[in-house]
Amino acid sequence: MAQTLALYEKKILNDEEFPIQLFRNRFRQRGQYFDLHWHEHIELHYVVSGHTTIKLEQEDVLACQGDLVIANSSILHEGFCDGTPMETLVAIFNMADFSRELADKNIIFQPHIQNDPEIVRIMGTISGEMLRQEIGGRLVCKGCLLQLVAYLVRHYAREMLDQEDSLRRRKKLERLNIVYQYIERNYSGPIGNRELADLIHVSEGRFSHLFKESAGMAPLQYINKVRLEKAANLLKRGDYTVAEVANAVGFSDYNHFGRLFRRAFGCTPMEARKNSRIV
C-alpha cells in the first residue's frame, strides 16, 4: 500500500496517439488496494472477475463481474478487496483528449452500471487485446474506449454541470486536500477538529459537515483510519513490538488500538505481526 495519502493525484498522459492509462488490478488480500485520491480525469473500473467495493466519496459501491464503476472528474475514490480473488480493468482519461465538445459539457456519468451487454462486449474486446499484445492492439483499445464513451454519453449521462458548479466542486476538494495532507504529516500526535477547521478558515461545525460529506466519515474516524494503516505497515515489517507501534502512530490506549485494529483488519495486532495478515 502506498505510504502517501496526499489525495490529489496529478495525471500526465503525454502520448497524443494513446492519451489513456490502461491497466489491470489483480488482488486477493483483504484490504485497500488503491488509496483514496482524486483528479480531473475520468476513471473507469470494469470488474473482469470476482467482486470489489469502490468507495465514491461517501458511497460504497459493491461491483460484481461485468459491472462498470465510474469515478467522475474531481470525485474522491478508493478501492477495497474482501479477501477473495478479484480482477478489474482500469481506464483513466481526460474527456478533452477524446472530445472538446463533450468535455465542455462537464458530463457526470451514472457511477455504477450493472452488467450491460454492450459494455461487457466492449470491455471484453479491450481485455483480450491487452492479453494478446498484438500489433495494432492499442489502436483497437482506443477505438473501443471511444465507442464506450459515446455509449455512456447516450445512455448513462446523469447530469451536466455548468462551469461554476464544476469549479466549486474542484475548489472544495483542493481545500480539503490541505486537511488530508496535514493529517498525513501529523497523525502520530493529537489532532482536533478545531485545529483542522482553522486550516481552511471555517467554523468547527462547518468543517465537520464538509469533511464528512467528502470523506464519508467523521474526521476522527479518518484520522484513526490513517493511524491503523500506518500501524499495519509497521507491524508487517516486524521491527517493533505492538505497544511500540501503537504509541508511534498516535494511540495512547493500547486496548483501544487493539479493538480498532481487529475491526479494521480482522485479526489482532499480534496476529498481524506474526503472520503478516495485512495489506
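A salt bridge here is a side-chain nitrogen of Lys or Arg within 4 Å of a carboxyl oxygen of Asp or Glu. The model is predicted: local features need pLDDT of at least 70, side-chain atom pairs count only at pLDDT 80 or more, and totals for chains, interfaces and linings use all residues. Residues are numbered from 1 along each chain as its sequence is written, and side-chain values use heavy atoms, with hydrogens and water left out.

**Stop 1: K225 and its partners**

Select K225 and E78. They form a salt bridge, with the closest N and O atoms 3.4 Å apart. The pair links distant parts of the chain: K225 sits in helix α8 (residues 219-237) and E78 in strand β7 (residues 77-82), 147 residues apart. Helices (H or I, at least four residues) and strands (E, at least two) are DSSP runs, numbered from the N terminus. Both residues are buried; that means under 20% relative accessible area, with exposed over 50% and partly exposed in between (1.4 Å probe, protein chains only).

E229 and K225 are four residues apart in helix α8, so about one helical turn separates them. E229 is buried at 10% relative accessible area, and K225 counts as buried at 16%.

**Stop 2: D15 and R138**

How many salt bridges does a search of the whole structure find? Nine. Select D15 and R138 for one whose N to O distance is 3.0 Å. D15 lies in the segment before β1 (20-27) and R138 in helix α4 (residues 137-155), so the pair ties together parts 123 residues apart in sequence. D15 is partly exposed at 30% relative accessibility. R138 is partly exposed too, at 46%.

**Stop 3: I92**

Move to strand β8 (residues 86-93) and pick I92. Its relative accessibility is 1%, so I92 counts as buried. Now show L22: the two C-alpha atoms are 6.6 Å apart, although the residues are 70 apart along the chain. Leaving aside neighbours within four places in sequence, I92 is in contact (heavy atoms within 4.5 Å) with residues including K11, L13, P19, I20, F23 and H41.

**Stop 4: the largest nonpolar core**

A nonpolar core is a set of buried Ala, Val, Leu, Ile, Met, Phe, Trp, Tyr and Cys residues joined through side-chain atoms within 4.5 Å. The largest has 39 residues, of which F211, Y222, F257 and F261 touch the most other members. Elements giving two or more residues to this core are α5 (163-186), α6 (193-199), α7 (204-215), α8, α9 (242-248) and α10 (254-265). Helix α8 gives the largest share, eight residues.

Zoom in on F257. Beyond residues up to four places away in sequence, F257 touches L228, A231, V242, V245, A246, F251 and P269. Apart from this core lies another, of 30 residues, among them L22, A91, I119 and C141.

**Stop 5: α8 against α10**

Display both helices. Their axes come within 10 Å and cross at roughly 85°. Axes are lines fitted to C-alpha atoms, for helices over the stretch in contact, and angles run from 0 to 180 degrees between N-to-C directions. That angle makes α8 roughly perpendicular to α10, a label that covers 65 to 115 degrees.

Which residues make the contact? Select N224, L228, E229, A231, A232 and L235 of α8, then F257, L260, F261, A264 and F265 of α10.

Note on methods:
Parallel < 35°, antiparallel > 145°, perpendicular 65-115°, else oblique.
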